[in-house]
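Subject: Structure for you to look at

Hello,

Here is the structure I promised to hand over. Please open it first, then read my notes beside it.

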Amino acid sequence: MDFLNRSIVAGWMILAVMALRLLLKRAPKWISCLLWGMAAVRLACPFTMESIFSLIPSKETVRHVTDTSAGTLIDSGIRFVDNAVNPVIRESAAPTPAASADPLQIWLFIGSAVWIAGACILLLYALVSYIRLRLRTAVRLEGRIMVSEFVDTPFILGLFCPRVYLPFGMAEELKTSVVAHELAHLKRLDHLWKADGYVLLALYWFHPLVWTAYILFCRDVELACDESVIKDFDMRQKKVYSEALLACSQGRRSAPVCPLAFGEVGVRERIRSVLNYRKPAFWVMAAAVIACGAAAACFMTDPVKETEGFGEAASAGAGKEGGGRETLL
């Protein structure tokens, strides 16, 4: 239940990040990566703080009750949703006298088994893809840079000892842009962040917003890396870099699942971003920082719990006090 509730709460954070990405188009792309990092923390961390600024409707959307004929199963914080969903759940999950087991418990067991199977399939798929890439023969060019005739697009592979793999026979002018991009990835530790994102995707594979978040995160990582490379380029250098992006995106047989590939995603958007890049103004940076702080306060915290029974205790105390006064009178 806690895991399911965490996925629902994180969904609100993902929606907020998606909205902020549209509002902060002129901000540096590393701001978007920072926002996705906040969403990842929301997904991964089981402990959160409470805040009066929280915009999360409910911390515990799904509640386990032993008697489905009474009480609340869904508490989303949106009343018309709860009123529509809860009667259906109570009716379908209500135990019958002839049944030997609680239907709700059976559903939970089946759901858990399907969730574990889905997570294992995605993790196994990533492992097999990694092993297949590792088996390709490669020759060291210099340092961490490897060259192989079996590679059709530049990419980074490895977590603790990552290497840059380049196709054999790549033009020298293109190679300069590609190597600069991949080394920038290594400097920013993007290969680790993307691997962490894929693990979260495998755990939350049932959540459509997590799939959307991972796809957008991969795009933003590439855009942010492009900006870090071309921030001091002139127009001629930007055109050469764009040509390298276009060349590496053509004729690619398949993109690695988890490793960072140079022309992997959003090539048209990346080329447009490179050619139109301008250093952001101070007010844009200030607005982006404020937006990140507001997102953290509103969506990385849970709503403050109301003290249960406080009103009843207060009214009971008032009644006792009133009764005492009448007795004295």
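The protein has eleven helices and seven strands. Both are DSSP runs, numbered from the N terminus: helices are H or I with at least four residues, strands are E with at least two. This is a predicted model, in which local features need pLDDT of at least 70 and side-chain atom pairs count only at pLDDT 80 or more, while totals for chains, interfaces and linings use all residues. Residues are numbered from 1 along each chain as its sequence is written, and side-chain values use heavy atoms, with hydrogens and water left out.

Start with the overall numbers. The protein has 329 residues, and 41% of them are buried. Buried means under 20% relative accessible area, exposed means over 50%, and partly exposed is in between (1.4 Å probe, protein chains only). The protein exposes about 19,100 Å². Carbon and sulfur atoms supply 65% of that area. Accessible areas come from the Shrake-Rupley method with a 1.4 Å probe; for residues, only the protein chains shown count as cover. Now take contacts, meaning heavy atoms within 4.5 Å. Among those between residues at least 6 apart in sequence, 67% join residues at least 24 apart.

Next, the salt bridges. The rule asks for a side-chain nitrogen of Lys or Arg within 4 Å of a carboxyl oxygen of Asp or Glu. It gives eight salt bridges. Here are some of them.

Arg-21 and Asp-220 form one of them, with N to O at 2.8 Å. Arg-21 sits in helix α1 (residues 2-23) and Asp-220 in helix α7 (residues 208-230), so this pair ties together parts that are 199 residues apart in sequence. Are these two residues buried or exposed? Arg-21 is buried, at 18% relative accessible area. Asp-220 is buried too, at 1%.

Glu-222 pairs with Arg-270 in a salt bridge, and their closest N and O atoms are 3.5 Å apart. This pair links distant parts of the chain: Glu-222 is in helix α7 and Arg-270 in helix α9 (residues 267-275), 48 residues apart. Glu-222 is buried, with 1% relative accessibility. Arg-270 is buried, also at 1%.

Lys-279 and Asp-232 make a salt bridge as well, with the closest N and O atoms 3.6 Å apart. Lys-279 lies in the loop between α9 and α10 (282-299), and Asp-232 in the loop between α7 and α8 (235-249), so the pair ties together parts that are 47 residues apart in sequence. Lys-279 is exposed, at 59%. Asp-232 is exposed, at 58%. Back at Glu-222, salt bridges that share partners join Glu-222, Asp-226 and Arg-270 into one network.

Now find helix α6 (residues 190-203), where His-191 is placed. His-191 counts as buried, at 9% relative accessibility. A polar atom of its side chain lies 3.3 Å from the backbone oxygen of Leu-159.

Last, look at the surface. Which residues form a nonpolar patch there? They are Ile-106, Trp-107, Phe-109, Ile-110 and Val-114, with about 520 Å² of accessible area together. Patches are made of residues with over 30% relative accessible area and no salt bridge; like charges are joined within 9 Å, and nonpolar side chains (Val, Leu, Ile, Met, Phe, Trp, Tyr) within 5 Å. Ile-106 belongs to helix α4 (residues 103-134). Ile-106 counts as partly exposed, at 39% relative accessibility.

Best wishes

Definitions and conventions: Polar contact = N/O pair within 3.5 Å; in protein donor to acceptor, adjacent residues only side chain to side chain.
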